[in-house]
2 protein chains.
Amino acid sequence: MTTLADVARLAGVGTGTASRAISGKGYVDPDTKRRVLDAAAELGYRRNAAARALRERRSRVVGLMLPDIHNEFYTASAAVLQADLHAAGYQLLVLATGNDADAEKAAWETMLDRQVDGVVHVPVDPDGTPPPGLPVVQLNRHTRTATTPAVVSDDIAGVAELTRTVIDAGHRDLVALVGAPELSTSAERLTGFRRAATAAGLVEDAAAGPRYRVLVTEFSADGGAAAMERIADDLPGAVVALSARLVMGALRWAGERGIAIPDDLSLAGLGDPEWFAVWQPPITSFAPALAGMGHRAAQELIAAMTDPASASSGVVRLPGRVLVRGSVRAAAG
Amino acid sequence: MTTLADVARLAGVGTGTASRAISGKGYVDPDTKRRVLDAAAELGYRRNAAARALRERRSRVVGLMLPDIHNEFYTASAAVLQADLHAAGYQLLVLATGNDADAEKAAWETMLDRQVDGVVHVPVDPDGTPPPGLPVVQLNRHTRTATTPAVVSDDIAGVAELTRTVIDAGHRDLVALVGAPELSTSAERLTGFRRAATAAGLVEDAAAGPRYRVLVTEFSADGGAAAMERIADDLPGAVVALSARLVMGALRWAGERGIAIPDDLSLAGLGDPEWFAVWQPPITSFAPALAGMGHRAAQELIAAMTDPASASSGVVRLPGRVLVRGSVRAAAG
DNA sequence: ACTCCATGTGGAATCGATCCCATAGTGGAA
DNA sequence: TTCCACTATGGGATCGATTCCACATGGAGT
């Protein structure tokens with residue numbers, strides 16, 4: 001390994017000058033600078049990140065804590081996040097918390113050990129608190145207790161709009177499928193649904209007339225299918241499945257049961273995995289702006305790391321898009 | 001920030017003893033050790049990773065270089081990779097190369113700068129060479145030039161078996177859809193297809209009689225749809241789409257054209273995204289053992305990092321599973 | 001002629017943990 | 001008793017880049 005001292009020796013200058021020439025800060029004569037740079041190139045010199053981190057007290061590494069790496073809902077944001085942070089000179093250290101509060105706690109310790117400059121955090125534990133003094137941006141979900149900025153999708157407005165299009169299509173008997181009610185996302189999606197439903201005069205759990213029901217289940221395809229099974233005997237006109245996995249579960253159940261969508265049952269979803277658009281019929285859904293959230297999170301975190309004092313602590317809600325496609329049919333309203 | 005010196009002072013010992021007590025190596029009296037550990041706990045002491053990395057010349061960080069973070073084909077392996085490496089005390093630094101040879105070169109530099117202890121690499125540039133001396137394991141694809149171990153799916157055997165099931169169903173007129181022929185994956189998948197097809201007596205591009213065709217296109221849903229459009233006037237009995245994206249493209253094209261699968265056209269695919277199983281009909285496909293590949297890659301890399309001399313340089317081919325489902329119909333053979 | 005400031009440079013201290021080396025007490029073997 | 005092996009411990013050198021400080025030069029301003 002060639003060190004800065006080697007470069008300085010070859011260039012015939014002191015280590016201080018060599019450092020200034022390479023880092024570009026401080027006074028260096030242009031000729032001297034060239035000599036140093038040439039020497040560095042000749043030796044194939046690379047700055048030792050560990051030494052820099054130790055001395056500068058910043059690692060230029062940002063942590064990304066998320067429940068599951070193998071979940072495109074997160075990776076859609078993570079991809080642009082990585083790109084933006086990379087462009088700003090930061091590398092991404094990824095840690096999976098696996099929806100486990102203990103793992104999340106341990107992950108914070110790891111982040112501290114690694115002296116990351118900041119963390120992008122998809123919270124798992126609603127009561128978890130990040131270590132003080134560390135710039136953190138919450139992504140996707142937000143906890144009540146934390147005082148860090150959060151970048152989330154405006155699911156309230158989005159799901160409300162989605163629900164409205166279902167109602168506008170003539171449906172007066174709805175069911176919402178939702179999972180993990182302790183998460184802010186679930187709560188907000190449900191709020192959006194209820195808001196639109198009640199605004200249209202639907203009554204929760206009414207025996208007759210315009211009504212809606214809410215089914216809480218596991219946040220998975222199996223959970224979605226199981227929930228559908230529970231209402232098999234009393235199917236509504238339309239189901240609003242509040243996550244892509246729940247959509248999948250509903251779809252699977254409908255396929256097994258021979259229920260045709262949208263002829264026998266209308267279905268609206270949330271998210272926008274590629275296959276939603278290809279499905280027959282293509283799935284009508286509310287698509288959170290995942291890429292936009294990644295951009296915004298990167299931006300907020302960079303701001304917080306650059307000037308910790310200026311860090312906002314509000315919740316940024318980014319609007320998504322309602323994609324009206326074929327899985328909701330016009331009903332005799 | 002509390003340092004080791006603070007802990008040593010509080011415990012009334014020297015820094016050497018404190019270090020030994022905390023790291024657990026070398027002679028320390030049990031009582032002394034307890035005093036040090038208590039002091040560390042009281043102060044909330046955490047070892048500085050930068051200082052350790054500088055002194056020990058190892059960072060306990062592993063780099064993961066992949067083309068696209070937002071691609072579940074890679075993240076399926078990456079998730080278990082992260083878990084296994086985490087269990088072994090390593091953190092994962094993720095860098096996206098975006099299918100760009102220049103970005104890949106730059107990524108190697110970054111890895112060197114960060115003094116990662118090893119790299120898991122999904123190669124982009126078939127001619128790229130990793131920097132010498134750095135433990136590297138190639139994942140998913142492998143380059144001809146590199147001398148590092150590689151963990152890939154046995155697509156040759158897998159696609160051959162898949163193709164055989166299609167032929168066994170009675171089909172004698174096949175089309176293979178493949179993208180990016182410069183990648184080892186594409187080449188191997190095609191080899192598997194050709195091997196099974198010719199073994200069954202099918203002739204490439206024959207005007208009449210048992211035959212098969214190979215369509216090279218872009219590795220995307222659009223590419224798949226475009227390829228289907230090219231053979232719209234002369235549809236085969238079955239299409240074997242050699243990636244999940246190509247399956248999606250074929251499906252989209254069939255949907256738009258009103259071609260029923262499997263009644264008008266049989267379709268077999270590669271990969272196993274969740275929606276394959278839910279699709280009507282569920283997609284018959286060859287599913288590479290992505291999780292298994294992640295495990296194996298972690299294992300190989302840890303071995304290479306622990307003892308660089310013992311590093312194998314062979315290509316490990318892991319068998320996958322052929323999932324016979326509903327998208328291939330029995331044909332009048 | 002003298003400050004003064006801007007430019008330019010070398011050297012040493014610094015970051016924090018590891019680990020080698022010197023030192024010393026203790027128990028057992030010779 | 002002497003010597004060696006083993007257990008314990010403190011202190012200092014070390015990893016490599018950054019940055020502060022002292023110092024030097026030279027031209028402008030008074």
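Two strands pair if DSSP finds at least two bridges between them. Helices (H or I, at least four residues) and strands (E, at least two) are DSSP runs, numbered from the N terminus. Keep both in mind for what follows.

This is a predicted model: local features need pLDDT of at least 70, side-chain atom pairs count only at pLDDT 80 or more, and totals for chains, interfaces and linings use all residues. Residues are numbered from 1 along each chain as its sequence is written, and chains are lettered from A and ligands numbered from 1 in the order in which they are written.

Let me start with a sheet in chain A. It is open, has seven strands, and its order is β7-β8-β6-β9-β10-β11-β13, with mixed pairing. At the edges sit β7 (203-204) and β13 (321-323) of chain A, each pairing on one side only. Inside, strand β6 (residues 173-179) and strand β8 (residues 211-217) of chain A pair in the parallel sense over seven bridges. One of those partners: A:L174 is bridged to A:Y212 in β8(A).

Helix α7 (residues 155-168) of chain A touches β6, β9 (238-241), β10 (266-270), β11 (284-287) and β13 of chain A. Contact here means that the C-beta atoms of two residues, placed from the backbone, lie within 7 Å. The direction of α7 makes about 165 degrees with that of β11(A). For such angles, axes are lines fitted to C-alpha atoms, for helices over the stretch in contact, and angles run from 0 to 180 degrees between N-to-C directions. Helix α9 (residues 221-230) of chain A lies across β6, β8 and β9 of chain A, at about 135 degrees to β8(A).

Next, the two chains together. How is chain A superposed on chain B? A rotation of 180 degrees does it, with 0.0 Å of shift along its axis and an RMSD of 0.0 Å. That is the relation of a two-fold axis. The superposition is by least squares on the C-alpha atoms of residues with pLDDT of at least 70 in both copies. The same surface serves both copies: 100% of the contact residues of chain A recur in chain B.

Now the contact itself. Chain A gives 38 residues and chain B gives 38 residues. On the side of chain A, the elements with two or more residues are α4, α5 (72-87), β2 (91-96), α6 (101-113), α10 (244-257) and α11 (274-278). The largest share, seven residues, comes from α5(A). By type, that side divides into 20 nonpolar, 10 polar and eight charged residues. Here Ala, Val, Leu, Ile, Met, Phe, Trp, Tyr, Cys and Pro count as nonpolar, Asp, Glu, Lys and Arg as charged, and the others, Gly among them, as polar.

A sheet crosses between the chains. β2(A) and strand β2 (residues 91-96) of chain B pair in the antiparallel sense over three bridges. A:L93 has B:L93 as its bridge partner. The whole open sheet has 12 strands, ordered β12(A)-β5(A)-β4(A)-β3(A)-β1(A)-β2(A)-β2(B)-β1(B)-β3(B)-β4(B)-β5(B)-β12(B), with mixed pairing. Its edge strands are β12 (315-318) of chain A and β12 (315-318) of chain B. The twist averages 25 degrees from one strand to the next.

On to the DNA. A residue is near a strand if its C-beta atom, placed from the backbone, lies within 6 Å of it. Which residues come nearest to DNA strand D? Of the 30 around it, they are A:L4, B:V13, B:G14, B:G16 and B:T17. The largest share of this surface, six residues, comes from α2(A). The surface divides into 10 nonpolar, 12 polar and eight charged residues. DNA strand C has 29 residues around it, the closest being A:V13, A:G14, A:G16, A:T17 and B:L4. Its surface divides into 10 nonpolar, 12 polar and seven charged.

The UniProt record, an unreviewed entry, places "domain: HTH lacI-type" at residues 2-56 of chain A. UniProt positions are given in the numbering used here, feature names are shortened, and annotations may be inferred rather than shown by experiment. Over residues 2-56 the chain is 71% helix and 0% strand.

Last, some backbone details. Most residues other than glycine have a negative phi, and most peptide bonds are trans. A:R57 is not a glycine, yet has a positive phi of about 60 degrees. A:R57 lies in the loop between α4 and β1 (61-66) of chain A. In chain B, the peptide bond from B:I261 to B:P262 is cis, with omega near 10 degrees.
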